[in-house]
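Biologist: Before we discuss any labels, please put the model up, and then let me ask how each label was reached.

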Amino acid sequence: MQNIIEFDEELIRRYDLSGPRYTSYPTAVSFSDAFGEKEYLNTAQHSNEDPIPVPLSLYFHIPFCKAICFYCGCNKIATKNYAMATDYLSLLYREIAMQASIYDHDRVVEQLHWGGGTPTFLNTADMQQLMAETRKHFNLLDDDSGDYSIEIDPRSVSPEKISLLRELGFNRFSLGVQDINEAVQIAVNRVQPIEETVAIVDACRKVGARSINLDLIYGLPFQSMKSFSRTLDVVIELLPDRLSVFNYAHLPEIFKPQRRINEADLPSSDVKLEILNMVINKLTEAGYVYIGMDHFARPDDELVIAQNEGTLHRNFQGYSTHGDCDIVAMGVSSISKVGNVYSQNVKDLESYTRLIIAGHFPVMKGIQLNRDDEIRRELIQWLTCEFMLDIPEFELLTEVVFQDYFADELLALQGMVDDGLVTVSADKIQILPRGRLLVRNICMIFDVSLQRGGKKGRFSKVI
């Protein structure tokens with residue numbers, strides 16, 4: 001039933017507020033600079049003391065790009081000076097050694113991800129060295145059973161480089177496409193001939209990739225129903241295992257590169273809604289399952305299977321099948337999740353350099369969840385991953401009486417019940433097909449940190 005979506009334009013317009021994407025709860029805007037290196041080290045030590053320490057998930061942030069895509073909101077550094085990457089990697093190797101020293105070596109790395117920026121900015125030798133340093137210090141799997149993924153700019157790789165990545169252990173590849181229309185590409189400073197994308201998709205498939213994901217963005221300059229329909233047709237022909245179709249959030253006051261986009265060239269809100277409706281219809285007709293929050297996958301994909309089995313998880317990399325892992329994130333701005341703690345590294349290269357050279361963990365801020373945070377995180381995980389909440393099971397897990405604990409929230413939820421977004425019974429909250437595009441709104445009802453902080457303006461629109 002999860003793949004059924006009902007597109008109700010009037011409801012979407014009414015509920016189209018700003019809100020979190022819930023890659024964590026509480027979200028990053030709740031992190032405090034009172035949390036630092038000492039608190040992070042204590043957290044790591046406690047995680048090793050668990051009777052059965054959980055596996056690890058490693059994330060590496062590679063912030064470099066040869067040129068800026070004007071729509072981008074990631075933490076990145078545009079440069080053609082490769083020496084910057086060489087210097088950065090020398091620091092990253094030191095952080096790898098530091099991080100590995102505080103986690104027991106028998107904790108297997110089940111998941112690994114290189115993100116950016118553009119990880120494929122790195123040359124062949126440095127990619128080999130980064131993986132070698134990781135393997136030297138952490139307990140990586142020797143077979144192909146791990147979930148080892150990398151973000152790829154098809155313009156920065158060749159089929160030979162894809163073969164190298166596969167040899168290094170990567171088995172999941174995520175390719176940025178955004179749009180195949182040249183006018184759109186020029187407007188956002190990302191000219192990417194479709195032939196390049198096709199060649200790299202073919203190369204990923206040839207080396208036996210377990211999963212290929214393509215990223216698209218709607219709401220960019222000069223996009224129309226007709227042009228984006230063409231993009232979808234071409235992309236569907238490539239048969240990716242997963243598709244992420246994101247709404248462009250134009251926030252030039254926060255992301256400076258977006259100031260180079262002419263707002264007059266952006267499609268209207270009406271056109272964006274038409275495009276979204278078309279995306280849902282086309283991908284559903286092509287056999288893709290709606291996972292949630294802009295993500296689609298083929299019925300035999302591990303994400304769909306996990307969702308059907310109730311084991312899907314959501315974290316800073318999006319939807320995942322490895323929710324039981326502690327996430328150890330390295331590099332500038334990266335965010336770790338260890339036990340009931342989130343921590344984020346410093347965001348600028350200068351601070352990162354200074355702290356690493358001084359032998360310090362480069363933690364900038366974080367948060368240790370209290371019991372209420374843990375309870376609400378569990379609830380939001382259910383809603384974002386399963387589109388429902390099994391109340392008796394939730395009560396067993398959290399040891400709360402649901403109707404009492406969330407009495408205020410249930411009253412606030414009544415308007416969504418009346419609008420046909422959800423149903424609420426003694427045993428279950430069920431998000432209905434017309435409410436699945438608005439799951440972020442539903443989660444916001446239970447987000448006391450958001451209600452308390454008044455930070456909605458710092459997030460993108462939910463649709």
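Modeller: I will start with N181, which has a relative accessibility of 26% and therefore counts as partly exposed.

Biologist: What makes N181 partly exposed?

Modeller: Buried means under 20% relative accessible area and exposed means over 50%, with partly exposed in between (1.4 Å probe, protein chains only); N181 has 26%, so it is called partly exposed. This is a predicted model, in which local features need pLDDT of at least 70 and side-chain atom pairs count only at pLDDT 80 or more, while totals for chains, interfaces and linings use all residues. Residues are numbered from 1 along each chain as its sequence is written, and side-chain values use heavy atoms, with hydrogens and water left out.

Biologist: Where is N181 found, and which residues does N181 touch?

Modeller: N181 is found in the loop between β7 (172-178) and α6 (182-187), where helices (H or I, at least four residues) and strands (E, at least two) are DSSP runs numbered from the N terminus. Leaving aside residues up to four places away in sequence, N181 touches S227 and T231, contact meaning heavy atoms within 4.5 Å.

Biologist: Why is strand β4 called largely enclosed by the rest of the structure?

Modeller: Strand β4 (residues 108-116) has nine residues, and seven of the nine are buried, so the strand is largely enclosed by the rest of the structure.

Biologist: How do you know that β4 pairs with strand β6?

Modeller: Two strands pair if DSSP finds at least two bridges between them, and β4 and β6 (residues 147-152) have four, in the parallel sense; W114 stands opposite I150 in β6. Seven bridges join strand β1 (residues 56-62) to β4, also running parallel, with L58 opposite L112 in β4. Two bridges join β4 to strand β5 (residues 139-140), again parallel, and there V109 stands opposite L140.

Biologist: What makes helix α3 roughly parallel to helix α4?

Modeller: Helix α3 (residues 83-101) and helix α4 (residues 124-137) pack at an angle of about 10°, with their axes 9 Å apart. Angles under 35 degrees count as roughly parallel, over 145 as roughly antiparallel, 65 to 115 as roughly perpendicular and the rest as oblique, so α3 is roughly parallel to α4. The contact includes L89, L92 and I96 of α3 and L130, E133 and H137 of α4.

Note on methods. Axes are lines fitted to C-alpha atoms, for helices over the stretch in contact, and angles run from 0 to 180 degrees between N-to-C directions.
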